Amino acid sequence: METSCSLCFYGNCILLLSKLPVRYFISRSMILSVPAFIIALSASLFKYPEWFFFISFKSFLSVGIMVILISTASFPLLISVLQSIKIPGLFISLLGFIYRYSFLLIDEFESFQRTYKIRAVGNNKKLKRTALSNITAVLFRRSLLRSENIYNAMLLRGFNGTFPYVNKFEHSVFDYMLLFFVLIILTGARFV
Amino acid sequence: MSDTIIKYENVTFGYSENHTALKNISLTINKNEKIAVIGGNGAGKSTLLLLLCGILKGKGEIEISGLPLIKENLIALRKKMGLLFQDPDDQLFCPTVFEDIAFGPLNLELPDEEIKRRVKESLLQVGLPGFEDRSPHHLSYGEMKRISLATLFAMKPEILALDEPTSNLDPKTRRKILEILKNYSGTLIITTHDLEAVLELSNRAILLYKGEIVKDGKTVEIISDENLMNKCDLEIPLSIKLNKL
(Lines give C-alpha, C1' and ligand atoms only; values in the text may rest on other atoms or scores of the structure.)
Protein backbone atom coordinates (compact mmCIF):
# COMPACT_ATOMS: atom_id res chain seq x y z
CA MET A 1 0.00 0.00 0.00
CA GLU A 2 2.79 2.38 0.99
CA THR A 3 4.71 1.56 -2.18
CA SER A 4 1.57 2.25 -4.25
CA CYS A 5 1.14 5.60 -2.51
CA SER A 6 4.74 6.56 -3.10
CA LEU A 7 4.48 5.48 -6.73
CA CYS A 8 1.34 7.58 -7.04
CA PHE A 9 3.14 10.58 -5.55
CA TYR A 10 6.17 10.01 -7.74
CA GLY A 11 3.94 9.61 -10.83
CA ASN A 12 2.13 12.86 -10.07
CA CYS A 13 5.43 14.70 -9.66
CA ILE A 14 6.64 13.39 -13.03
CA LEU A 15 3.31 14.27 -14.67
CA LEU A 16 3.64 17.83 -13.38
CA LEU A 17 7.24 18.08 -14.58
CA SER A 18 6.34 16.65 -18.00
CA LYS A 19 3.76 19.42 -18.57
CA LEU A 20 1.53 16.94 -20.42
CA PRO A 21 -2.21 17.75 -20.49
CA VAL A 22 -3.94 15.67 -17.80
CA ARG A 23 -6.71 14.66 -20.18
CA TYR A 24 -4.18 13.38 -22.75
CA PHE A 25 -2.36 11.44 -20.03
CA ILE A 26 -5.49 9.84 -18.57
CA SER A 27 -7.12 8.93 -21.89
CA ARG A 28 -4.01 7.21 -23.25
CA SER A 29 -3.20 5.46 -19.99
CA MET A 30 -6.79 4.20 -19.68
CA ILE A 31 -6.83 2.81 -23.22
CA LEU A 32 -3.51 1.04 -22.77
CA SER A 33 -4.56 -0.33 -19.37
CA VAL A 34 -7.67 -2.08 -20.70
CA PRO A 35 -6.01 -5.55 -20.95
CA ALA A 36 -4.80 -5.20 -17.34
CA PHE A 37 -8.31 -4.18 -16.24
CA ILE A 38 -9.75 -7.30 -17.86
CA ILE A 39 -7.20 -9.52 -16.09
CA ALA A 40 -7.88 -7.74 -12.79
CA LEU A 41 -11.61 -8.19 -13.25
CA SER A 42 -11.33 -11.90 -14.00
CA ALA A 43 -9.04 -12.41 -10.96
CA SER A 44 -11.43 -10.54 -8.66
CA LEU A 45 -14.45 -12.47 -9.93
CA PHE A 46 -12.96 -15.86 -9.20
CA LYS A 47 -11.20 -15.57 -5.88
CA TYR A 48 -9.83 -12.27 -4.63
CA PRO A 49 -12.25 -9.32 -5.05
CA GLU A 50 -9.76 -6.87 -3.50
CA TRP A 51 -7.23 -7.64 -6.21
CA PHE A 52 -9.21 -5.71 -8.80
CA PHE A 53 -8.26 -2.39 -7.23
CA PHE A 54 -4.60 -3.23 -6.68
CA ILE A 55 -3.91 -4.74 -10.10
CA SER A 56 -5.78 -1.97 -11.93
CA PHE A 57 -4.13 0.78 -9.93
CA LYS A 58 -0.60 -0.57 -10.29
CA SER A 59 -0.94 -1.31 -13.99
CA PHE A 60 -2.47 2.13 -14.58
CA LEU A 61 0.49 3.74 -12.84
CA SER A 62 3.01 1.68 -14.80
CA VAL A 63 1.30 2.40 -18.11
CA GLY A 64 1.02 6.07 -17.13
CA ILE A 65 4.76 6.32 -16.54
CA MET A 66 5.32 4.69 -19.94
CA VAL A 67 2.95 7.19 -21.58
CA ILE A 68 4.86 10.10 -20.01
CA LEU A 69 8.19 8.64 -21.06
CA ILE A 70 7.12 8.02 -24.67
CA SER A 71 5.43 11.42 -24.96
CA THR A 72 8.34 13.45 -23.65
CA ALA A 73 11.44 11.65 -24.93
CA SER A 74 12.29 10.97 -28.58
CA PHE A 75 12.81 7.36 -29.59
CA PRO A 76 16.53 7.84 -30.44
CA LEU A 77 17.04 9.35 -26.98
CA LEU A 78 15.30 6.38 -25.35
CA ILE A 79 17.57 4.02 -27.29
CA SER A 80 20.66 5.97 -26.18
CA VAL A 81 19.55 5.83 -22.55
CA LEU A 82 18.85 2.09 -22.76
CA GLN A 83 22.36 1.65 -24.14
CA SER A 84 23.85 3.75 -21.37
CA ILE A 85 22.25 1.56 -18.70
CA LYS A 86 23.71 -1.55 -20.39
CA ILE A 87 20.52 -3.15 -21.69
CA PRO A 88 21.61 -6.03 -24.02
CA GLY A 89 22.29 -4.94 -27.61
CA LEU A 90 20.01 -7.62 -29.05
CA PHE A 91 17.00 -6.21 -27.18
CA ILE A 92 17.80 -2.62 -28.19
CA SER A 93 18.35 -3.55 -31.83
CA LEU A 94 15.05 -5.45 -31.98
CA LEU A 95 13.31 -2.43 -30.50
CA GLY A 96 15.00 -0.24 -33.12
CA PHE A 97 13.95 -2.54 -35.98
CA ILE A 98 10.35 -2.59 -34.78
CA TYR A 99 10.31 1.21 -34.56
CA ARG A 100 12.00 1.70 -37.93
CA TYR A 101 9.96 -0.81 -39.90
CA SER A 102 6.56 -0.20 -38.31
CA PHE A 103 6.46 3.06 -40.33
CA LEU A 104 7.35 1.21 -43.50
CA LEU A 105 4.72 -1.46 -42.90
CA ILE A 106 2.10 1.23 -42.29
CA ASP A 107 3.15 2.99 -45.53
CA GLU A 108 2.88 -0.24 -47.50
CA PHE A 109 -0.48 -1.08 -45.95
CA GLU A 110 -1.80 2.38 -46.77
CA SER A 111 -0.65 2.13 -50.38
CA PHE A 112 -2.35 -1.27 -50.67
CA GLN A 113 -5.47 0.15 -49.09
CA ARG A 114 -5.55 2.92 -51.68
CA THR A 115 -5.13 0.36 -54.47
CA TYR A 116 -7.91 -1.72 -52.97
CA LYS A 117 -10.26 1.26 -52.79
CA ILE A 118 -9.56 2.18 -56.41
CA ARG A 119 -9.89 -1.31 -57.79
CA ALA A 120 -12.52 -2.92 -55.57
CA VAL A 121 -15.49 -1.08 -56.99
CA GLY A 122 -19.01 -2.51 -57.10
CA ASN A 123 -20.93 -4.52 -54.54
CA ASN A 124 -19.50 -7.97 -55.02
CA LYS A 125 -18.60 -8.75 -51.39
CA LYS A 126 -16.99 -12.08 -52.23
CA LEU A 127 -14.60 -10.41 -54.65
CA LYS A 128 -13.82 -7.70 -52.12
CA ARG A 129 -12.99 -10.32 -49.47
CA THR A 130 -10.74 -12.14 -51.94
CA ALA A 131 -8.95 -8.90 -52.85
CA LEU A 132 -8.41 -8.08 -49.18
CA SER A 133 -6.98 -11.52 -48.42
CA ASN A 134 -4.69 -11.22 -51.46
CA ILE A 135 -3.46 -7.84 -50.23
CA THR A 136 -2.70 -9.31 -46.80
CA ALA A 137 -0.81 -12.20 -48.40
CA VAL A 138 1.23 -9.86 -50.62
CA LEU A 139 1.99 -7.67 -47.60
CA PHE A 140 3.39 -10.70 -45.75
CA ARG A 141 5.41 -11.72 -48.78
CA ARG A 142 6.85 -8.23 -49.15
CA SER A 143 7.72 -8.21 -45.44
CA LEU A 144 9.56 -11.48 -45.89
CA LEU A 145 11.50 -10.21 -48.92
CA ARG A 146 12.37 -6.99 -47.13
CA SER A 147 13.59 -8.85 -44.07
CA GLU A 148 15.86 -10.93 -46.34
CA ASN A 149 17.24 -7.79 -47.98
CA ILE A 150 17.83 -6.12 -44.63
CA TYR A 151 19.62 -9.17 -43.30
CA ASN A 152 21.82 -9.17 -46.42
CA ALA A 153 22.55 -5.45 -45.94
CA MET A 154 23.55 -6.21 -42.35
CA LEU A 155 25.83 -9.08 -43.43
CA LEU A 156 27.49 -6.86 -46.01
CA ARG A 157 28.34 -4.38 -43.28
CA GLY A 158 30.09 -7.02 -41.24
CA PHE A 159 27.22 -8.24 -39.03
CA ASN A 160 28.35 -11.33 -37.11
CA GLY A 161 25.46 -11.94 -34.75
CA THR A 162 26.41 -9.40 -32.09
CA PHE A 163 24.94 -5.93 -31.70
CA PRO A 164 27.65 -3.54 -30.52
CA TYR A 165 26.85 0.15 -30.07
CA VAL A 166 28.50 3.48 -29.42
CA ASN A 167 27.41 4.98 -26.11
CA LYS A 168 26.30 8.52 -26.95
CA PHE A 169 24.37 9.33 -23.77
CA GLU A 170 26.14 10.64 -20.70
CA HIS A 171 24.30 10.91 -17.39
CA SER A 172 24.32 14.37 -15.88
CA VAL A 173 24.56 15.25 -12.18
CA PHE A 174 20.85 16.05 -12.32
CA ASP A 175 20.08 12.46 -13.42
CA TYR A 176 21.97 11.04 -10.44
CA MET A 177 20.26 13.49 -8.07
CA LEU A 178 16.85 12.47 -9.43
CA LEU A 179 17.70 8.80 -9.06
CA PHE A 180 18.80 9.43 -5.47
CA PHE A 181 15.55 11.31 -4.76
CA VAL A 182 13.41 8.49 -6.16
CA LEU A 183 15.31 5.88 -4.15
CA ILE A 184 14.80 7.89 -0.96
CA ILE A 185 11.04 8.11 -1.58
CA LEU A 186 10.73 4.41 -2.34
CA THR A 187 12.89 3.36 0.62
CA GLY A 188 11.01 5.75 2.91
CA ALA A 189 7.68 4.37 1.80
CA ARG A 190 8.88 0.87 2.55
CA PHE A 191 9.86 1.61 6.16
CA VAL A 192 7.36 4.28 7.26
CA MET B 1 52.15 -7.48 -60.15
CA SER B 2 48.63 -7.73 -61.61
CA ASP B 3 46.22 -4.86 -61.06
CA THR B 4 43.19 -7.15 -61.19
CA ILE B 5 40.92 -6.71 -58.19
CA ILE B 6 37.84 -8.67 -59.32
CA LYS B 7 37.73 -11.73 -61.51
CA TYR B 8 34.64 -13.66 -62.66
CA GLU B 9 35.43 -16.96 -64.31
CA ASN B 10 32.68 -18.90 -66.11
CA VAL B 11 30.05 -17.77 -63.65
CA THR B 12 26.56 -19.11 -64.23
CA PHE B 13 23.56 -18.53 -62.02
CA GLY B 14 19.85 -19.32 -62.22
CA TYR B 15 17.02 -18.41 -59.86
CA SER B 16 15.28 -21.63 -60.94
CA GLU B 17 16.09 -24.56 -63.23
CA ASN B 18 14.15 -23.00 -66.08
CA HIS B 19 15.51 -19.49 -65.71
CA THR B 20 19.23 -18.79 -66.06
CA ALA B 21 19.96 -15.21 -64.99
CA LEU B 22 23.66 -15.23 -65.90
CA LYS B 23 25.36 -17.49 -68.42
CA ASN B 24 29.06 -18.24 -68.42
CA ILE B 25 30.25 -14.80 -67.38
CA SER B 26 33.99 -14.16 -67.45
CA LEU B 27 35.45 -10.74 -66.80
CA THR B 28 38.19 -8.96 -64.92
CA ILE B 29 38.08 -5.57 -63.27
CA ASN B 30 41.22 -3.64 -62.41
CA LYS B 31 41.98 -1.73 -59.25
CA ASN B 32 40.45 1.78 -59.12
CA GLU B 33 38.62 1.16 -62.40
CA LYS B 34 35.17 2.71 -62.83
CA ILE B 35 32.91 0.41 -64.76
CA ALA B 36 29.24 0.41 -65.63
CA VAL B 37 27.14 -2.69 -66.12
CA ILE B 38 24.30 -1.79 -68.45
CA GLY B 39 21.40 -3.71 -69.91
CA GLY B 40 17.63 -3.85 -70.00
CA ASN B 41 15.34 -5.16 -67.28
CA GLY B 42 16.11 -8.77 -66.42
CA ALA B 43 19.50 -8.68 -68.17
CA GLY B 44 21.24 -9.90 -65.00
CA LYS B 45 22.88 -6.67 -63.80
CA SER B 46 21.78 -6.86 -60.16
CA THR B 47 22.45 -10.60 -60.06
CA LEU B 48 26.05 -9.89 -61.10
CA LEU B 49 26.48 -7.61 -58.06
CA LEU B 50 24.72 -9.97 -55.65
CA LEU B 51 27.06 -12.77 -56.75
CA LEU B 52 30.06 -10.52 -56.19
CA CYS B 53 28.99 -9.86 -52.60
CA GLY B 54 28.38 -13.54 -51.91
CA ILE B 55 24.65 -13.05 -51.31
CA LEU B 56 23.93 -15.42 -54.20
CA LYS B 57 26.03 -18.44 -55.02
CA GLY B 58 26.39 -19.65 -58.58
CA LYS B 59 28.60 -21.99 -60.59
CA GLY B 60 32.08 -20.86 -61.58
CA GLU B 61 34.62 -18.84 -59.64
CA ILE B 62 34.85 -15.30 -58.38
CA GLU B 63 38.05 -13.80 -56.96
CA ILE B 64 38.41 -10.52 -55.11
CA SER B 65 41.89 -9.17 -54.40
CA GLY B 66 43.26 -12.61 -55.18
CA LEU B 67 41.03 -14.35 -52.63
CA PRO B 68 38.41 -16.81 -53.91
CA LEU B 69 34.84 -15.95 -52.93
CA ILE B 70 34.16 -18.89 -50.64
CA LYS B 71 32.39 -19.13 -47.28
CA GLU B 72 35.64 -19.00 -45.30
CA ASN B 73 36.70 -15.72 -46.94
CA LEU B 74 33.30 -14.00 -46.89
CA ILE B 75 33.85 -11.84 -43.79
CA ALA B 76 37.30 -10.69 -44.95
CA LEU B 77 36.03 -9.94 -48.45
CA ARG B 78 32.94 -8.08 -47.29
CA LYS B 79 35.20 -5.69 -45.40
CA LYS B 80 36.72 -4.74 -48.75
CA MET B 81 33.46 -3.90 -50.51
CA GLY B 82 30.23 -2.07 -50.09
CA LEU B 83 26.96 -2.72 -51.88
CA LEU B 84 24.35 -0.03 -52.35
CA PHE B 85 20.88 -1.54 -52.63
CA GLN B 86 18.41 -0.10 -55.09
CA ASP B 87 15.87 0.60 -52.34
CA PRO B 88 17.40 2.66 -49.48
CA ASP B 89 14.78 1.29 -47.08
CA ASP B 90 16.65 -2.03 -47.29
CA GLN B 91 19.92 -0.33 -46.43
CA LEU B 92 18.84 1.91 -43.56
CA PHE B 93 17.52 -0.30 -40.79
CA CYS B 94 18.42 1.61 -37.61
CA PRO B 95 16.32 4.19 -35.76
CA THR B 96 18.82 7.01 -36.39
CA VAL B 97 21.22 7.99 -39.15
CA PHE B 98 24.15 7.87 -36.71
CA GLU B 99 23.46 4.25 -35.80
CA ASP B 100 23.01 3.27 -39.42
CA ILE B 101 26.35 4.74 -40.46
CA ALA B 102 28.08 3.46 -37.33
CA PHE B 103 26.76 -0.10 -37.86
CA GLY B 104 29.57 -1.11 -40.25
CA PRO B 105 32.47 0.47 -38.33
CA LEU B 106 31.10 -1.04 -35.11
CA ASN B 107 31.29 -4.48 -36.68
CA LEU B 108 34.86 -3.69 -37.69
CA GLU B 109 35.44 -3.28 -33.92
CA LEU B 110 36.86 0.21 -34.25
CA PRO B 111 37.22 2.43 -31.18
CA ASP B 112 34.27 4.73 -30.34
CA GLU B 113 36.14 7.93 -31.20
CA GLU B 114 37.14 6.59 -34.61
CA ILE B 115 33.53 5.52 -35.28
CA LYS B 116 32.22 8.99 -34.41
CA ARG B 117 34.86 10.54 -36.66
CA ARG B 118 33.94 8.25 -39.56
CA VAL B 119 30.22 9.02 -39.17
CA LYS B 120 30.96 12.73 -39.31
CA GLU B 121 33.31 12.35 -42.28
CA SER B 122 30.89 10.18 -44.25
CA LEU B 123 28.03 12.63 -43.72
CA LEU B 124 30.27 15.43 -44.90
CA GLN B 125 31.25 13.36 -47.92
CA VAL B 126 27.60 13.00 -49.00
CA GLY B 127 26.82 16.63 -48.19
CA LEU B 128 24.53 16.00 -45.24
CA PRO B 129 26.44 17.16 -42.14
CA GLY B 130 24.45 17.33 -38.92
CA PHE B 131 22.04 14.53 -39.91
CA GLU B 132 23.27 12.20 -37.15
CA ASP B 133 20.15 12.28 -34.99
CA ARG B 134 17.59 12.22 -37.80
CA SER B 135 15.38 9.17 -38.28
CA PRO B 136 15.70 7.56 -41.74
CA HIS B 137 11.91 7.39 -42.19
CA HIS B 138 11.71 11.18 -41.86
CA LEU B 139 14.13 11.74 -44.74
CA SER B 140 13.32 12.30 -48.40
CA TYR B 141 14.13 9.53 -50.89
CA GLY B 142 17.18 11.45 -52.15
CA GLU B 143 18.49 12.02 -48.64
CA MET B 144 17.99 8.33 -47.83
CA LYS B 145 19.98 7.40 -50.93
CA ARG B 146 22.84 9.70 -49.88
CA ILE B 147 22.79 8.38 -46.32
CA SER B 148 22.92 4.85 -47.77
CA LEU B 149 26.08 5.88 -49.58
CA ALA B 150 27.45 7.31 -46.34
CA THR B 151 26.92 3.92 -44.64
CA LEU B 152 29.25 2.46 -47.25
CA PHE B 153 31.84 5.25 -47.10
CA ALA B 154 32.14 4.77 -43.34
CA MET B 155 33.49 1.28 -43.98
CA LYS B 156 36.20 2.73 -46.27
CA PRO B 157 35.76 -0.05 -48.85
CA GLU B 158 38.17 -0.71 -51.71
CA ILE B 159 35.26 -1.59 -54.00
CA LEU B 160 31.89 0.12 -54.28
CA ALA B 161 29.12 -1.81 -56.02
CA LEU B 162 26.06 0.31 -56.66
CA ASP B 163 22.73 -1.01 -57.87
CA GLU B 164 20.85 1.75 -59.73
CA PRO B 165 22.30 4.64 -57.68
CA THR B 166 20.44 7.34 -59.64
CA SER B 167 17.02 5.72 -60.01
CA ASN B 168 13.90 7.63 -58.82
CA LEU B 169 15.85 10.78 -58.02
CA ASP B 170 15.09 14.36 -58.95
CA PRO B 171 17.70 16.03 -61.21
CA LYS B 172 19.30 18.00 -58.36
CA THR B 173 19.78 14.96 -56.10
CA ARG B 174 20.92 12.87 -59.07
CA ARG B 175 23.58 15.50 -59.80
CA LYS B 176 24.73 15.46 -56.16
CA ILE B 177 25.05 11.66 -56.21
CA LEU B 178 27.03 11.82 -59.46
CA GLU B 179 29.41 14.41 -57.96
CA ILE B 180 29.91 12.24 -54.87
CA LEU B 181 30.70 9.22 -57.04
CA LYS B 182 33.05 11.19 -59.28
CA ASN B 183 35.09 12.06 -56.19
CA TYR B 184 35.35 8.43 -55.09
CA SER B 185 38.85 7.13 -55.73
CA GLY B 186 38.42 3.35 -55.31
CA THR B 187 37.02 0.69 -57.64
CA LEU B 188 33.48 1.50 -58.70
CA ILE B 189 30.94 -0.81 -60.30
CA ILE B 190 27.52 0.58 -61.10
CA THR B 191 24.52 -1.09 -62.66
CA THR B 192 22.08 1.33 -64.23
CA HIS B 193 19.75 2.31 -67.03
CA ASP B 194 20.86 5.93 -66.67
CA LEU B 195 23.23 6.04 -69.62
CA GLU B 196 23.94 9.76 -69.25
CA ALA B 197 25.29 8.99 -65.78
CA VAL B 198 27.33 6.11 -67.20
CA LEU B 199 28.96 8.50 -69.66
CA GLU B 200 30.02 10.77 -66.81
CA LEU B 201 31.18 8.11 -64.38
CA SER B 202 32.83 5.30 -66.26
CA ASN B 203 35.33 4.72 -69.03
CA ARG B 204 34.41 1.09 -69.43
CA ALA B 205 30.99 -0.47 -69.90
CA ILE B 206 29.78 -4.04 -69.88
CA LEU B 207 26.63 -4.63 -71.85
CA LEU B 208 24.46 -7.51 -70.67
CA TYR B 209 21.59 -9.05 -72.58
CA LYS B 210 19.59 -12.01 -71.32
CA GLY B 211 22.32 -12.99 -68.88
CA GLU B 212 25.22 -12.84 -71.31
CA ILE B 213 27.95 -10.29 -71.93
CA VAL B 214 27.25 -8.88 -75.37
CA LYS B 215 30.04 -6.32 -75.34
CA ASP B 216 32.78 -5.15 -72.99
CA GLY B 217 34.64 -2.00 -73.98
CA LYS B 218 34.83 1.77 -73.97
CA THR B 219 31.66 3.38 -72.67
CA VAL B 220 31.30 5.93 -75.47
CA GLU B 221 31.77 3.32 -78.19
CA ILE B 222 29.17 0.95 -76.74
CA ILE B 223 26.60 3.56 -75.89
CA SER B 224 26.91 5.29 -79.28
CA ASP B 225 26.13 2.09 -81.17
CA GLU B 226 22.45 2.60 -81.91
CA ASN B 227 21.81 -0.88 -83.36
CA LEU B 228 23.46 -2.57 -80.42
CA MET B 229 21.57 -0.44 -77.92
CA ASN B 230 18.23 -1.14 -79.58
CA LYS B 231 18.96 -4.86 -79.78
CA CYS B 232 19.68 -4.92 -76.04
CA ASP B 233 16.49 -3.05 -75.04
CA LEU B 234 18.32 0.24 -74.49
CA GLU B 235 18.41 3.60 -76.20
CA ILE B 236 21.37 5.86 -76.94
CA PRO B 237 21.38 8.85 -74.59
CA LEU B 238 20.11 12.24 -75.70
CA SER B 239 23.53 13.92 -75.45
CA ILE B 240 24.98 11.47 -78.01
CA LYS B 241 21.92 11.83 -80.24
CA LEU B 242 22.37 15.60 -80.22
CA ASN B 243 26.08 15.26 -81.02
CA LYS B 244 25.26 13.10 -84.02
CA LEU B 245 22.89 15.68 -85.43
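Tutor: What follows is a short chat about chain A and its contact with chain B.
Tutor: This is a predicted model, where local features need pLDDT of at least 70, side-chain atom pairs count only at pLDDT 80 or more, and totals for chains, interfaces and linings use all residues. Residues are numbered from 1 along each chain as its sequence is written, with chains lettered from A and ligands numbered from 1 in the order in which they are written.

Student: How many helices and strands in chain A?
Tutor: Seven helices and zero strands, counted as DSSP runs numbered from the N terminus (helices are H or I, at least four residues; strands are E, at least two).

Student: And what is the radius of gyration of chain A?
Tutor: It is 23 Å, well over the 16 Å from the globule rule for 192 residues, so chain A is more spread out than a compact globule. The radius is taken over C-alpha atoms, and the rule is 2.2 Å times the number of residues to the power 0.38.

Student: What box do the C-alpha atoms fill?
Tutor: Roughly 65 × 50 × 35 Å along the principal axes.

Student: Changing topic: how many residues of chain A are in contact with chain B?
Tutor: 24 residues of chain A, against 28 residues of chain B; contact means C-beta atoms, placed from the backbone, within 7 Å.

Terms used
Two residues are in contact if their C-beta atoms, placed from the backbone, lie within 7 Å.
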